[in-house]
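Me: I'm new to reading protein models, and I'd like a close look at one spot in this one. Could you start there and then walk me through its surroundings and the rest of the fold?

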Amino acid sequence: MAVSVPLKHRSTSPAAQILARIASEVGESLFALWFSGDDCIRVEGNAVHVLADSDFESRRIQKGYASLIRRISTDVLSTPVHLEFAVREGTRDAVAEAVPRPRLSVERVERTVDPVSLIFQPKKAGPAEEPRVPSTVERTYVRPRHQLKEFAFGTENEFVRAAVKQVVQCPGQYSPLFLFGESGSGKTHLLEGLTSELRAMNRNGSCIYVTAEQFTSSFVHSLRGGGLPNFRRKYRDVEVLAIDDVHFFANKRATIHELQYTIDHLVRAGKQLIFSSDRAPIELSELGNEVLNRLNSGLVCPLHFAGEASRLEIVNRLCRERNLNWPADVSSLIAARVTRDGRKISGAVNQICAAAAVRNLPIDRNFVQDLLGSGIRTSGRLTTINQIEKVVADFFGVSPNDLRSGARIQKIGNARMVAMYFCRRHTAAALSEIGEYFGGRSHSTVIAAIRRIEAMAEENAEILISAGRFPIKEVIDSLANRLRLA
């Protein structure tokens, strides 16, 4: 397919001819990524100067396109050429030695208290500012950013708590940090809170939190004339970059390509990257192996739904924020009856307050119990053998009939063992019933399959699925999230 050449590169100058030929061979997206700017190519005699905005970009162009540029330049100039790769004057990399950048370091967080306690300590108040009277336009409510000290980890998310402590104590050591969990498990809260905490520790450095949609929109705008160099400086000249909902990048090739080199640039510089998704990396095949390898190279943490103790902590925090003074047994009832999703807990508290105001009744246990029974209550979804079979078969890339067949292919056998493991743990079915469902197998076969999966989980061994070999713990966590059993 022919590639349209930008008008500014259709002149007859040698540099313009070289750029036009490069654009026609590499395609529009790669050309926009690496050859932006009118002065990207300069020709002086038989010397061809290739300019970029940073040392990183210059090295990347030299590594990936030197032979192409040399061939095209030799053809256009009809003489052997000498290539020179350099950084444009006036860019940040060009003046980096004169103006050193502040960097996060372990010493920055060494205090008289354990660095771990930073997570749960409120930030010190800054200098007093003169109050400003908001205009009429500014009266719209804007949700304040979540704070890390407000997050209820609980025993169900001890691993995530430990990972967050390490990131706060030594930013860049575990980079990227990848958090995944179903909607409502608290990913956005944790990303916003962690970014805010790191920003408070490093006021001279840039700490950015964006959604994947915002990152993509900004990138597309830069390609359409907003300035790709400015985009790269914004997202690569940072101490911390947090991107929420990275599954949004699926099948967006140009954005994924840019993300890949942004990750490389920041990891190489020792900066902290934080990502979140509703799925584990092994389920994000649409992002491509290059990006998935980078996401898996740091620390991958499953984020589980809040347990009852954590839900009670959330209810109590909401009461403090809204100055609600109701009996303790009301909070306990809400935490017990409204399960799994933090947003649903907030919605239930809102509905209770609204209903009490409309009916002009006091909020007590009987009132809340009646209200919860009338429709607010949310509970774990009932899981059946049939549901587990469908989800596991889809995840492993086989059919439900394969799981019930006598096939002994490794991928099918693995899927069948995992399905039996979930059926035993998350349904009331007897071993004989599970065996009968999966092809008339004996209860001893089911026991052997369950023990095999448990042994693999203890060793964190890898298991074969359609996308390749992955740690069994990640497979179990991903399936639990799909089945909403986490």
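What is the relative accessibility of Gly 439, and what does Gly 439 count as on that basis?

Reply: Happy to! Before we zoom in, please keep in mind that this is a predicted model, in which local features need pLDDT of at least 70 and side-chain atom pairs count only at pLDDT 80 or more, while totals for chains, interfaces and linings use all residues. Residues are numbered from 1 along each chain as its sequence is written, and side-chain values use heavy atoms, with hydrogens and water left out.

Now to your residue. Gly 439 has a relative accessibility of 42% and therefore counts as partly exposed (buried is under 20% relative accessible area, exposed is over 50%, and partly exposed is in between, with a 1.4 Å probe and protein chains only). You will find Gly 439 in the loop that links helix H17 (431–437) to helix H18 (443–459). Although 35 residues separate Gly 439 from Arg 404 in sequence, their C-alpha atoms are 4.4 Å apart in space.

Let's follow that link to Arg 404. Helix H15 covers 400–404, and the loop from H15 to helix H16 (410–426) holds Ala 407. Ala 407 is partly exposed too, at 24% relative accessible area. Once its neighbours within four places in sequence are set aside, Ala 407 touches Ile 412 and Arg 416 (a contact means heavy atoms within 4.5 Å).

For contrast, look at another loop residue, Asn 157, placed between strand E3 (82–87) and helix H4. Asn 157 is buried, at a relative accessible area of 2%. Beyond its neighbours within four places in sequence, Asn 157 contacts Pro 302, Leu 303 and His 304.

Stepping back, the protein has 19 helices and 10 strands. Of its 486 residues, 47% count as buried. Among contacts with a separation of 6 or more, 72% join residues 24 or more positions apart.

E5 pairs with E6 (residues 240–244) in the parallel sense over five bridges, and Tyr 209 stands opposite Ala 242 in E6.

Another open sheet has three strands in the order E1-E2-E3, with mixed pairing. E1 (41–44) and E3 are at its edges with a single partner strand each, so one side of each has no neighbour in the sheet. E1 and E2 (residues 47–52) pair in the antiparallel sense over four bridges, with Glu 44 opposite Ala 47 in E2. Helix H3 (residues 55–77) packs on the sheet, touching E1, E2 and E3, and its direction makes about 150 degrees with that of E3.

Finally, here is a pair of packed helices. H14 (residues 385–396) and H19 (residues 472–482) pack at about 130 degrees, with their axes 10 Å apart. That angle makes H14 oblique to H19 (under 35 degrees is roughly parallel, over 145 roughly antiparallel, 65 to 115 roughly perpendicular, and the rest oblique). H14 brings Val 391, Val 392, Asp 394, Phe 395 and Phe 396 to the contact, while H19 brings Val 475, Ser 478, Leu 479 and Arg 482. By class, this contact of H14 with H19 has six nonpolar, one polar and two charged residues (Ala, Val, Leu, Ile, Met, Phe, Trp, Tyr, Cys and Pro count as nonpolar, Asp, Glu, Lys and Arg as charged, and the others, Gly among them, as polar).

Note on methods: Axes fitted to C-alpha atoms, helices over the stretch in contact; angles between N-to-C directions. Helix = DSSP H or I, 4+ residues; strand = E, 2+ residues; numbered from the N terminus. Pairing = 2+ DSSP bridges.
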